[in-house]
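Here is a friendly walk through one protein model, from its overall make-up down to single contacts. Please keep the viewer open as you read.

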Amino acid sequence: MNVMLDTDGKETSATHGAYLKLREMILTGALPPGEKLKIEQLRGLLSTGASPVREALSLLTSDMLVERIDQRGFRAAPVGKANFEEILLLRCTLEETALRASIRNADAAWEDRLVLRHHHMKKASQRDAPDFEIAHKAFHMGLLDNAHLPMLKRYCSQLYDLNIRYRYLAAGGPSYQKRSIAAEHQEILDAALDRDADVTTKLLIDHYRRTGEYLSSQMEA
């Protein structure tokens, strides 16, 4: 059986390996929105069989990253301004609920994990590491994981992925570079450690909305 390593260092099946690779390619735009995903082409690209590719594409439909276009065909999910704005609305709404619950349950262990994840994210960003996105997501999910609401966290994780797809597509604009993203993250961390739910949620939602305004303007352009 073909195996590969996932981000946790665990062996994965050929299907899961194909899923991880295709997911990465769709999120980063290597497979553009709306592109038809042909099994035979993807087999060669991934050096695997048709069955793992087909199963991986079926899994990605549940993530809303792939759409079925007929009985046997698939395409990378299209993008659009209305879709992005819905993702942003849901992120702000659901993450506020999760973050408030996480802070209500705040303890020293959660604070230690959060500080460590922020440190890893900061180091990755300073050296422009390819694993920055993993560290960035770990920090944002770390803000929520003390809520002890696994279904809600799963939805928030899925919305994160749908959102970063737009960020990759609109990357590189000069106005985005004028923001101090690191300072925004530090403010969010400090407020969370102070266990101030009102300030932390405001900072987090402002952080998302600033990015949202930038991405919306890029799509209009």
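The secondary structure of the protein comes to 10 helices and 5 strands, taken as DSSP runs numbered from the N terminus, with helices being H or I of at least four residues and strands being E of at least two. Do keep in mind that this is a predicted model, in which local features need pLDDT of at least 70 and side-chain atom pairs count only at pLDDT 80 or more, while totals for chains, interfaces and linings use all residues. Residues are numbered from 1 along each chain as its sequence is written, and side-chain values use heavy atoms, with hydrogens and water left out.

Of the 221 residues, 43% count as buried; buried means under 20% relative accessible area, exposed over 50%, and partly exposed in between, with a 1.4 Å probe and protein chains only. The protein exposes about 12,100 Å², and carbon and sulfur atoms supply 52% of that area, computed by the Shrake-Rupley method with a 1.4 Å probe. Among contacts (heavy atoms within 4.5 Å) with a separation of 6 or more, 69% are between residues 24 or more positions apart.

Next, a helix pair. Helix α4 (residues 81-104) and helix α6 (residues 132-144) have axes that come within 7 Å and cross at roughly 65 degrees. Those axes are lines fitted to C-alpha atoms over the stretch in contact, and angles run from 0 to 180 degrees between N-to-C directions. On the α4 side, the contact is made by E95, A98, L99 and S102, and on the α6 side by M141, L143 and L144. By class, the residues of this contact divide into 5 nonpolar, 1 polar and 1 charged.

Now for the charged side chains. The count comes to 15 salt bridges, each being a side-chain nitrogen of Lys or Arg within 4 Å of a carboxyl oxygen of Asp or Glu. The table gives three of them.

| Salt bridge | Closest N to O distance |
|---|---|
| R100 and D198 | 2.9 Å |
| K137 and D161 | 3.0 Å |

R100 and E96 are 4 residues apart in helix α4, so about one helical turn separates them. R100 is partly exposed at 26% relative accessible area, and E96 is partly exposed at 28%.

Are K137 and D161 buried or exposed? K137 is buried, and so is D161. Salt bridges that share partners join R23, K137 and D161 into one network.

As for cysteines, the count of disulfides (cysteine sulfur atoms within 2.5 Å) comes to 0. C92 is buried at 5% relative accessibility, and C156 is buried at 1%.

A77 is found between β5 (74-76) and α4, and A77 counts as buried at 5% relative accessibility. Its C-alpha atom is 5.4 Å from that of E67, 10 residues apart along the chain. Leaving aside residues up to four places away in sequence, A77 touches P33, G34, M64, L65, V66, E67 and R165.

Definitions and conventions: Nonpolar A, V, L, I, M, F, W, Y, C, P; charged D, E, K, R; others polar.
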